[in-house]
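Subject: Structure handover

Hello,

Here is the structure you are taking over. Please keep it open while you read the notes under it.

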Amino acid sequence: MSDHIIVEREPGLLTLRMNRLDKLNALTRAMYSRMAEELNAANDDRSVQAVLLAGSEECFTSGNDLLDFMNAPKEGLGGEVLQFMQALFEFKKPVVAAVAGPAVGIGTTLLLHCDFVYVSRDAMLKMPFVKLGLCPEYGSSLILPRLLGQARANDLLLLSESFTGEQAAAWGIANAALDGGAATFAKARETALQLLDLAPSAVQVSKRLMRAPGREELRQVIKEEGELFGARLKHPEAMEALAAFMQKRKPDFSKFL
Ligand code: COA
């Protein structure tokens with residue numbers, strides 16, 4: 001069990017908060033595992049109607065722990081991250097996310113699988129997979145070009161450009177951008193509480209219907225991305241990029257030309 005995930009239960013609502021602030025809520029295997037367990041249990045628990053996912057009011061998450069990336073075994077990252085993303089992907093009930101500060105890597109990818117996303121205007125979202133010698137993950141190579149158009153998706157996924165909460169809301173990645181972490185969390189909570197007043201199975205059936213079109217294609221893409229991502233973790237380009245981050249220097253990819 002990880003105390004880096006704070007679990008709060010109240011009637012109808014499960015709140016999961018990432019809480020590893022000294023590393024900007026970088027996600028460890030134990031953190032993924034805890035969130036996966038909670039989501040899987042909540043999926044089958046009739047008393048849970050919605051989930052609220054948050055970091056702190058200053059920071060959502062800096063993404064996967066980069067040390068875990070570096071130390072990944074030959075066969076890939078281990079099951080925890082996939083268990084978590086799978087639990088989120090298959091979750092029948094609505095998930096509301098509150099995002100302030102950095103939301104990097106999987107911190108942005110996971111938002112594509114939440115149902116309501118609130119961001120602080122100045123949040124910093126980013127998917128620096130290519131910059132790290134890796135590739136997009138968990139459906140983002142399909143979802144983002146469709147949502148944003150190829151041009152903007154290239155900015156975000158090939159150039160690893162960061163974008164603000166304000167942009168995320170304007171582009172349809174988030175429902176709304178708010179002023180600061182406290183207002184963002186309050187709005188996310190308000191939506192989560194609003195969901196608790198609705199007919200539970202009507203909400204679930206409607207979520208399923210809206211996510212059904214193209215689901216099989218998305219599953220295929222997720223599988224292919226997962227295989228490539230796992231293999232790339234051991235690629236010399238990724239090793240160079242990760243070592244550069246740890247040594248606080250610019251990566252040098254010239255030797256791979
Ligand atoms: N994994 C492990 N540790 C991380 C981390 C991560 N993903 N992100 C940040 N940290 C650690 C830093 O190493 C630093 O630790 P230290 O104080 O022991 O040196 C601490 O968290 C604070 O990070 P720092 O980089 O100093 O904060 P910043 O405010 O200058 O920058 C970010 C914030 C998010 C822009 C920057 O930390 C970053 O780019 N992190 C990596 C994000 C990433 O690539 N994630 C994986 C995506 S696939």
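Predicted model: local features only at pLDDT ≥ 70, side-chain atom pairs only at ≥ 80, totals over all residues.

Residues are numbered from 1 along each chain as its sequence is written, and side-chain values use heavy atoms, with hydrogens and water left out.

Ligand. There are 17 residues around the ligand, and Lys-23, Ser-62, Asn-64, Asp-65 and Leu-66 come nearest (near: a heavy atom within 4 Å). A polar side-chain atom of Lys-23 is 2.6 Å from a ligand oxygen, and a backbone N or O atom of Ser-62 is 2.8 Å from a ligand nitrogen. In Lys-248, a side-chain N or O atom lies 3.4 Å from an oxygen of the ligand. On its own the ligand has 870 Å² of accessible area (Shrake-Rupley method, 1.4 Å probe), of which the protein covers 65%.

Loop residue. Ser-160 sits between helix H6 (150-157) and strand E8 (163-164) (DSSP runs of H or I, at least four residues, for helices and of E, at least two, for strands, numbered from the N terminus). Ser-160 is buried because its relative accessible area is 4% (buried: under 20%; exposed: over 50%; partly exposed: in between; 1.4 Å probe, protein chains only).

Surface. Leu-67 lies in helix H2 (residues 66-70) and, at 45% relative accessibility, counts as partly exposed.

Regards

Note on methods. Polar contact = N/O pair within 3.5 Å; in protein donor to acceptor, adjacent residues only side chain to side chain.
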